[in-house]
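Colleague: I would like to learn how to read a model like this one. Can we start with the whole and then go to single residues?

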Amino acid sequence: MSAKYATIRAIFELLWLSRLPSLVRALSASRGVIFTLHRVLPDEPADFSPNAILQVRPDYLEYVIERLRDLDLDIVSLDEALERLGAPHPGRRFVVLTLDDAYKDNLEFALPILRRQAAPFTLYVPTAFVDGVGEIWWQAIEDIIARQEAITMNTGGETDYVDTRTTSEKEEAFRALYWQMRRMPETDRLALLHSFAAAYGYDLDGQCRDLIMDWQELRQFAEDPLCTIGAHTVHHYELAKLPVDQARHEMTQSADILLAQFGRRPVHFSYPLGGPLSAGQREFDLARELGFRSAVTTRPGGLYARHAQNPHALPRISLNGYFQSRRYVDVFATGAIFSAIGKLVG
């Protein structure tokens, strides 16, 4: 684990030992939180699994739901959350559960838990992924590096050969390639991804079909009364990197496709990746202009009454795969702590 995550773990331990989260929840003006989840899998990650941050165990998800209710927090839909935020006086505090990307493991492992616990949730869908033609690039570069003892990387027009024999070498190579791609325009990132995958015989379309639900599988979610389907663009591009017309098309087309598939146009939206590099005021304005009732980021924080007037830049708290200790749930449920963290890092 990196020094960054070791520091966060130490902070979480101190917060839990101090019993401060319960006091903060009682005194703060935060009315609720939105949790972000991606994958739900029972398997322990391999030693080299940089994307394990996106993965939680089924037993942990079930415990989270039970513990939230023990803390006297309501688990509500996004629509109800917005109503509670807009109420003139604070009511009962609440949590919203959201899942991004429509991973197939959500169907096998998450949905039975959500049904058993009668827990409403929102699933944000990037439609090209469900078509089986999306690029889950962050997982692809992990998979390729995991299998290789060395890789080639092109930086500044020069080709470097990078050893990836050990776990630490693989992690260093992943970080370098991940951030190289994150800093690129989307067209350049796609070109690099496809050339990298081709060089190592990696089937991007096959990976997408293996990891993501198809439309028939997704229908099992969409038809469940606990589920709210939200839009998540077509191709999962970082919208802030796109020309405005392309960004608008990604947002509207995804909603149009979901309307055609399920007969209901989604009114909730999630910005892909969702941090400051990926979505800013222009994207928030687009979501409002296009008629979405809400749009969520991945910027950390709690929900306050003021968010009722600005529901197109809602913060979320990630249920992080690196921190699946049961005692940390009390910390995750305390929005004001993450609002303070967001101010420090933002």
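Modeller: We go from overall shape to one helix, then to a few residues. Keep in mind that this is a predicted model.

Colleague: How many helices and strands does the protein have?

Modeller: The count is 15 helices and 12 strands.

Colleague: What share of the residues is buried?

Modeller: Buried means under 20% relative accessible area. Of the 346 residues, 56% are buried. The accessible surface comes to about 15200 Å², and carbon and sulfur atoms hold 52% of that.

Colleague: What share of the contacts joins residues 24 or more positions apart?

Modeller: Among contacts with a separation of 6 or more, the share is 71%.

Colleague: And how far apart are the mean positions of the positive and negative charges?

Modeller: They are 8 Å apart, for 37 positive and 45 negative charges.

Colleague: Now a helix. Which residues of α10 are buried?

Modeller: First the general idea. An α-helix has 3.6 residues a turn, so residues three or four places apart point the same way. In α10 (residues 204-211), the buried residues are Leu-204, Gly-206, Gln-207, Cys-208 and Leu-211.

Colleague: What covers the buried residues of α10?

Modeller: The cover includes strand β2 (39-40) and helices α5 (104-116), α6 (127-131), α7 (137-147) and α9 (186-199).

Colleague: Which residue caps the N-terminal end of α10?

Modeller: Asp-203 does. One of its side-chain oxygens lies 3.2 Å from the backbone nitrogen of Asp-205.

Colleague: Why does Ala-102 count as buried?

Modeller: Its relative accessibility is 0%, so Ala-102 counts as buried. His-236 is buried too, with a relative accessible area of 5%.

Colleague: Is Glu-289 buried or exposed?

Modeller: Exposed means over 50%. Glu-289 has 51% relative accessibility, so it counts as exposed. Glu-289 belongs to helix α13 (residues 281-289). Its C-alpha is 9.6 Å from that of Arg-248, 41 residues away in sequence.

Definitions and conventions:
Residues numbered from 1 in each chain as written. Predicted model: local features only at pLDDT ≥ 70, side-chain atom pairs only at ≥ 80, totals over all residues. Heavy atoms only, no water. Helix = DSSP H or I, 4+ residues; strand = E, 2+ residues; numbered from the N terminus. Buried < 20%, exposed > 50% of the residue type's maximum accessible area, 1.4 Å probe, protein only. Contact = heavy atoms within 4.5 Å. Areas by Shrake-Rupley, 256 points an atom, 1.4 Å probe, with all protein chains shown as cover. Lys, Arg positive; Asp, Glu negative; His and termini not counted. Charge placed at Lys NZ, Arg CZ, Asp CG, Glu CD. Polar contact = N/O pair within 3.5 Å; in protein donor to acceptor, adjacent residues only side chain to side chain.
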